[in-house]
Amino acid sequence: MPHAVSRRAALLGAAATSGSLLFAGGNAGAQQKPSELRVGITTFLSGPASVFGVPARQAADLLFEEINRAGGIGGIPVRPFYVDEGPGTDHLVGEYRRLVQNEGVHIIFASISSGSCLACTPLSDEMRKTTLLWDCGTQRIFEEGKHPYAFRTQGYGTPEILAPLLYLLKTKPDFRTLAVINQDYAWGRDSWELWKAGMDALKPGVRVVAELFPRFNSTDFSTEITRMLALRPDVILSTSWGGELVTLIRQASERRLLDRSTFVLPVAEASLQQLGRAMPQGHVIGARGDHWNNHPKPKDPARFQRFVDSYRQRHNEYPIYPCHHMAQAIAAMQAGFARAIEAKGGGWPNDQELANAFRGLTFDSPTSTITLREDGQGLEDQIVGLSSFTDRFPFAVPKDMVIFPAAMVSTPVGQKSVDWLKTLKPDMLAQVPAPIAG
Amino acid sequence: MGQWFAENGLLIGLALLDGLAYAALVFMVAVGLNMVFGVLRIVNVAHGSLFAIGAYAAASIGLFLASLGLPPIAGFAALLLAAALVGGILGPLIERLVLRRIYGQEEVLQLLVTFALFMILEDVQKLIWGVQPIFQDAPMKALGTVDVPFGEDVIPFTAYQLFVLPGVALATLAGLAWFLRRTLTGRVIVAVTTDKEAAMAMGIDAAKVTLLTFTFGAALAALGGALASPTTSLVPGIGAQTIVLSFAVVATAGLGQIEGAAISALMIGLGRSIAVYLAPEFEVVVPYLIMVAVLLIRPQGLFGRLETRRV
């Protein structure tokens with residue numbers, strides 16, 4: 001039932017609001033502690049990329065429950081507000097504004113899609129709202145402009161492509177021909193540009209026999225597979241993900257393409273559970289980070305195992321990389337708030353103070369330590385290996401893993417990735433760490 | 001020219017094999033859509049959902065049969081059972097509860113209602129099957145592969161792709177042609193398609209015919225999905241992709257044309273495959289380029305008829 005508002009109450013409310021606005025203008029530093037910490041989270045809850053977005057949300061719910069059971073952040077409980085990236089960028093931009101203006105969120109996690117991040121990051125500048133880019137991979141964000149309120153709490157496209165390339169060059173240096181089959185959208189095209197720039201610099205003369213970009217969300221790759229069977233490339237690169245990667249591997253495996261060519265799959269990790277034993281062994285696989293279930297030496301093994309076990313217990317599956325990226329963003333949020341509150345002598349930070357706390361922040365993920373550089377980009381190690389089977393998991397995991405230090409495979413601050421990749425020299429291979437046996 | 005064929009002839013031959021299988025799957029969905037439009041005069045956007053649900057149901061039944069220890073070949077029974085269940089249950093439900101209320105209404109309203117239905121069914125799929133890829137390829141694996149000679153090399157194709165998909169599509173086409181032209185029920189459907197008012201005046205129960213046709217169309221969409229399920233991973237959104245391509249086939253053929261749908265599906269399937277070999281950057285647009293080219297020359301579609309407006 002709507003409440004009637006008396007004229008006196010309205011006037012009193014207006015007076016109180018004006019007073020508080022004046023007060024706020026005169027004392028920007030005095031920030032009252034809220035009753036809850038509101039976190040806006042953009043993720044895919046519909047469409048093909050919900051294979052990433054839904055598990056990430058599940059991981060977030062799990063971790064927020066843990067945090068709230070332990071007393072919250074800065075003594076207040078955390079409350080997430082989820083927004084679906086599925087309907088597209090225009091919708092998301094409106095939702096971002098709604099989260100800030102109507103829901104009053106204190107921080108935003110955005111997004112899975114690179115297009116979403118490219119749309120949300122300028123909004124973080126405009127609305128001065130700290131925004132953690134928790135999963136998107138485009139290198140353009142911090143290479144094409146400064147964003148004082150945006151921070152990426154994981155790696156990005158360049159290290160995620162360069163690390164598998166270096167691994168391939170170390171383990172199969174004699175390849176002469178290559179074909180690419182990527183999804184026909186921004187990531188598929190951008191990742192190929194990054195790979196090509198790096199490959200031409202590190203191993204000039206490799207012949208690209210086919211560049212295939214089937215329609216995004218394709219369900220059939222028969223023709224592409226036939227063509228690659230006929231061309232017999234030494235190496236086939238695919239940065240595809242989700243159902244498309246599962247379909248590609250199954251169709252290619254059934255027709256023995258994986259017997260003829262070595263596949264390089266930088267985003268394989270998220271699909272390996274679905275593939276199970278259907279994933280052939282001996283192919284190069286990546287995880288968009290270092291969070292493999294058989295990580296050879298996680299920084300905090302107990303914390304890593306606890307997260308994996310809790311997630312498995314609740315959802316009957318292993319967490320995939322978006323879950324780990326979400327966990328990293330949440331760990332960064334905890335560290336950032338702690339730093340901001342400490343800097344303010346126990347007081348609650350305003351938006352500017354919170355953003356300041358993230359600049360140069362170092363925080364622990366379950367597997368390693370991540371540092372947010374001065375440009376906002378996170379430095380996350382990359383682990384690449386060869387697909388193999390063990391008794392521990394009913395799906396493929398990497399063997400002969402190489403841990404690539406983030407700084408080695410990330411574009412230096414102030415440079416653009418493609419330009420930097422073109423400057424790489426073959427002697428860079430000498431710096432690649434030795435594989436970890438097993 | 002002769003030299004070009006000598007160099008690329010074998011590749012084009014391979015492309016034809018791929019295109020044939022692809023066309024077969026597209027045809028299965030498009031022909032159901034076309035039949036439904038012919039009788040109900042509704043462009044049913046939710047047809048793509050029936051494809052997706054048919055695929056999911058086939059995979060679930062197949063996995064269940066496998067868990068009972070039945071041989072992989074039993075997966076073929078799962079494909080037919082899924083199509084029958086989805087068509088037999090969802091078809092009448094949708095026709096009775098939703099479509100019957102919008103016959104004869106404005107086309108925009110019909111599109112909006114079926115689109116809403118499509119969105120609802122997409123969410124239903126996520127509720128039941130989740131968002132992670134599901135696959136059940138036992139029927140495809142059971143038949144193994146066939147090595148097709150390619151110069152001094154061989155190219156493995158799955159027997160399922162080479163024989164089952166085109167075979168089922170051909171059988172469907174022949175069966176439909178026989179059913180519509182040689183059986184009383186089929187002729188009644190053709191009569192309602194041609195002139196509903198005249199058919200009703202002759203005592204045909206048009207409501208019963210629309211129910212039957214929609215159920216049959218829904219079963220065909222579900223069969224298309226079931227046939228596709230052993231070859232692909234099932235994820236949210238597969239229905240949307242299918243319906244867009246099916247519309248291209250139907251528009252190229254001319255709404256209401258059965259044999260036309262087969263030929264259009266073949267054109268689009270082969271066009272797409274050949275593009276992958278000769279100009280892969282055009283793969284995505286080839287089906288729509290064919291559609292636009294046909295519609296510019298024949299707005300009623302390749303096999304559609306110009307209708308005089310009745311007053």
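A: Start with spacing: the C-alpha centres of domain 1 of chain A and domain 2 of chain A lie 28 Å apart. This is a predicted model; local features need pLDDT of at least 70, side-chain atom pairs count only at pLDDT 80 or more, and totals for chains, interfaces and linings use all residues. Residues are numbered from 1 along each chain as its sequence is written, while chains are lettered from A and ligands numbered from 1 in the order in which they are written.

Each domain of chain A is built from two stretches: 37-155 and 298-372 for domain 1, 158-287 and 381-431 for domain 2. The bounds come from an automatic or database domain assignment. Where the two domains meet, 16 residues of domain 1 of chain A are in contact with 19 residues of domain 2 of chain A (C-beta atoms, placed from the backbone, within 7 Å). Helix H2 (50-69) and helix H4 (114-127) of chain A each supply at least two residues to the domain 1 side (helices are DSSP runs of H or I, at least four residues; strands are runs of E, at least two; both are numbered from the N terminus). That side holds seven nonpolar, seven polar and two charged residues (Ala, Val, Leu, Ile, Met, Phe, Trp, Tyr, Cys and Pro count as nonpolar, Asp, Glu, Lys and Arg as charged, the others, Gly among them, as polar).

Now the sheets. An open sheet of seven strands in chain A runs in the order S7-S6-S8-S9-S10-S14-S15, with mixed pairing (strands pair if DSSP finds at least two bridges between them). Strand S7 (207-212) and strand S15 (397-404) of chain A each have a single partner strand, so one side of each is left without a neighbour in the sheet. Take the S7 edge. Five bridges link S7(A) to strand S6 (177-181) of chain A, in the parallel sense. Thr177(A) has Arg207(A) in S7(A) as its bridge partner. Helix H8 (222-231) of chain A packs on this sheet, touching S6, S7 and strand S8 (235-237) of chain A. Its direction makes about 170° with that of S7(A) (axes are lines fitted to C-alpha atoms, for helices over the stretch in contact, and angles run from 0 to 180 degrees between N-to-C directions).

Another open sheet of chain A has three strands, S11-S12-S13, paired antiparallel. Strand S11 (362-364) and strand S13 (378-379) of chain A stand at its edges, so each has one side without a neighbour in the sheet. S11(A) and strand S12 (369-372) of chain A are joined by three bridges. Phe363(A) has Ile370(A) in S12(A) as its bridge partner.

Two helices of chain A also cross. The axes of helix H13 (321-343) and helix H14 (351-358) of chain A come within 8 Å, at roughly 115°. H13(A) gives Gly336(A), Arg339(A), Ala340(A) and Ala343(A) to the contact; H14(A) gives Glu353(A), Leu354(A), Ala357(A) and Phe358(A). Five of these residues are nonpolar, one is polar and two are charged.

Last, chain A meets chain B. The contact takes 32 residues from chain A and 35 residues from chain B. On the chain B side, helix H1 (2-40) is one of the elements that give two or more residues. H1(B) has the largest share, six residues. By class, the chain B side has 21 nonpolar, 10 polar and four charged residues.
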